[in-house]
Amino acid sequence: MFVMPISAQTTAEFGYQLHPEKLLENTIGTLQIFVTSNEMMVPRSIDDLKVTSSDNSIIQVIDIQENNSGYTKNVQIKAIKPGIASIALAAPGFSSKEITLEVFNNNNHPTQILMKITPDDFPIDGPRFGYVTVELATTGGLPTIASEDITVHVETPNKDTVNLRNQELVIKKGEYFATTEFDLVNSGDAIIFASTDNMKKISEFVHIRKPTEPLQLQLFVIPEQYSSFTDSAGYAIVELLDGNGDPVKAEEDIHMKLGVENPDVSVNTSHDFEEIQFSNKELVIKKGEYSAYTTFTPRPNLGEFTTDSEQTFNMFISTSDYLTNGDSFTVTHDEMGALEGEGPSVTTVLPFLTTGKKEIIAVTYFETEIEISRDTGTSTLGTTDREVVEVTVPVIAKQDYEINFASSELDTVNPINPIMKKGENVVLVFGDTGTVSPDNSVEFYITDNEGVKTITGTPIGPITDDISLTIEPLVSMILAGSEFPAIAYLAESETEEETVTTEDAEENGRMGITPFIEDAILTLSANDFVDAEPEIIKQNQPYVLLNLLTEEVGGGELLFQAGQFEGNMAMTSHTTDPAEMHLSFAKNLLANTESLATIQLLDSVGNPVYTKEDILIKIVSNDESVLKIPDETIIKKGEYFNTFKLESQDEGVIELALLSEDLPLSKYDINVVDISPVISLDLLGGLNWNERIEAKLSVTIPEIETSLEGFNVEWTADGGEVLQRDDVTNGNGIAIMNILANDKDTITVSATVSGNGLSSSTISKTAQILNMPIAEEPVEQGFIINSSNMIYIIIPVAIGVALFLLNRTEKLQVITEKIDIANRLNIGEKFDEIKEKISGIRNH
């Protein structure tokens, strides 16, 4: 019989749930397949389901079984090896579907190494060494201990940038990491490799910032004024400056030679003649420093070799690979004796870095201005012409003098009072520098025989407000239950205005790690995660190393404090042991059905993991009337999941809680849906007496936009004979009952639909029967019995069934009444006999 499909019906779609949700290699799982629409499970059977794997070397399809509910299929699959494969599903009436599944590796032993470089970005003025840590990890990236000593080789091809102090690290049995240090050699980027037997070689980069270019060697000649007839001296100081004119530490020894240009080479062409005498003409700025200096004096009798009253000399630097800037000074040749005294003093401040060490910050010298009579080189009337001029001349200390030097910013620099020794005119001023600079300049207060003098200097260093405390682990991943190293340091960051916003802009080479700026104690605030002992910090200390221990698995944020600085360290500890329970189940369950649920064990990063002992799991529902579940289940030693049945009994949303010793509570909301089908009933046909009437039942559920099959249908009919009926709906959600209308003038059909997890619904319909036979009223004179119609009245036993029907249709009464009339007309004793038989049949 052809049945028109329901217009609302659409192509069915596959839904699925994998049990367990994460498969381990060499294990068997169940892929539960069902029909879905609008993310709801549809109670519809799947016939002739075909399932294939895209890669049988990863996942194999073993068997397809039908669930007790009749509308889910359980596909047994075997995970062969780690990898990803697609499972293809197809069945008549369904859109085909591919499901991507991943097979995980057994995650309990080391299969790879991890490496962390700390720090991995260095400024030009910060610490010149860092740390390399290698550790063992599982395929899932979890830290795991070594079952035996494992040697890891570390190396770099960039030996001109970094130098590894140890190229062979041993991760000892029972441990999971090893650490070594590396030194910075030069600016640039370096790659460090780590390798060990039977594991993949890995690498990480370290970046050492460059100073602003071009680098230049700047010569400072102090003082500027000298006399060739006094024993005056000066300092020639060379500093390495960056492109901004700020001092920068040398990355290598810089060798140079000082020279002086003769302003009048015609005076003396002898190569042995030196106008300026140096204590050392060859200087070296050592690696990690930024200055070098020497003293010099003009040749005592230099004035005898020139007719000029004064000469200006240019001192220069000879070196390679660097730009150089010289300086000039003036030597007067007025014949006069040396001046002695207590001053006055003059101070020239030099650019300096706040390195936390003793640095040259200035040069102080004694000099004064005097009037002298100078030969003009002309004569009048035989008399030499002279003129009175004011000249600046050195003053020689007549005894040792301590010059009082003070600073406005002692955190930046604390000057050391210089001592001008007897017979000298110039002295270097040193200062104990801090490791920070003020927002503005530093003022120096110098006290001499004239009183207090103020000069300004601009130190170069990090600014306190731009510094923050940083704490981070030295390992990539933290293993719970084992100690792990961490490092604390200060770092300067750029302000919002200074932040580089364009790719072409040059990075600020001074931003980054900086030494601690003061003595302090590093402490960890109270927490439930990690304990740490306080650590003493000394000013200018580059790092603080910590040994931390956490027994807990999970994440947290630790708050540290060192002096005026606070810093946070976000950390997450892991384990290869079971760290959590995970429940997998279908998203929406139907009431009064049976489904599957699986509890599996996961490690701290969510990978499946075997248990090392039996684990008892309590299963608790907040409403047992909705879902029937087992009270407990056990995942046995050597297993990683357990699958059990869910029996839904009523609609509602319940909370399912999983509880087990040493594992965190897991809670899940399960939605059980009880939806009523939309039922329509039509009575089709001519609705004529004694003809077949077709009762057509259609079932749809608007929420899932598809007709359904497999519903149980209970029929009742009043007013006709049931010829045929369907007890379940077909693939189009239709059930048919055929009825012969031969009883009453109306026919009533009722159908009750139930099953497939849906609540029952009943529908009825009544129709009027057409062309029903009309019974005639009897006429006394009109009924004549003769020998011909007697045959029809005499009823043999063989046609008793016809009399039964006459009785049911109330026609037997009419015939009986007519027989009574015939009897009143004295038609004989046989009529009495017939009447008696008919009466018995009617009563029967």
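I began with the overall count, and the protein has four helices and 65 strands, where helices (H or I, at least four residues) and strands (E, at least two) are DSSP runs numbered from the N terminus. I noted that this is a predicted model, in which local features need pLDDT of at least 70 and side-chain atom pairs count only at pLDDT 80 or more, while totals for chains, interfaces and linings use all residues. Residues are numbered from 1 along each chain as its sequence is written, and side-chain values use heavy atoms, with hydrogens and water left out.

I then looked up burial, and buried residues make up 47% of the 844 residues in the protein; buried means under 20% relative accessible area, exposed over 50%, and partly exposed in between, with a 1.4 Å probe and protein chains only.

Next I turned to strand β59 (residues 692-701), where eight of the ten residues are buried. I found that β59 pairs in the antiparallel sense with strand β58 (residues 678-684) over seven bridges, and that pairing requires DSSP to find at least two bridges between two strands. β59 also pairs in the antiparallel sense with strand β63 (residues 734-740) over seven bridges.

Last I looked up Arg 725, which lies in strand β62 (residues 721-725) and is partly exposed, with a relative accessible area of 48%. Not counting residues up to four places away in sequence, Arg 725 touches Trp 715, Ile 736 and Met 737, a contact being heavy atoms within 4.5 Å. Arg 725 and Trp 715 are ten residues apart in sequence, and their C-alpha atoms are 7.9 Å apart in space.
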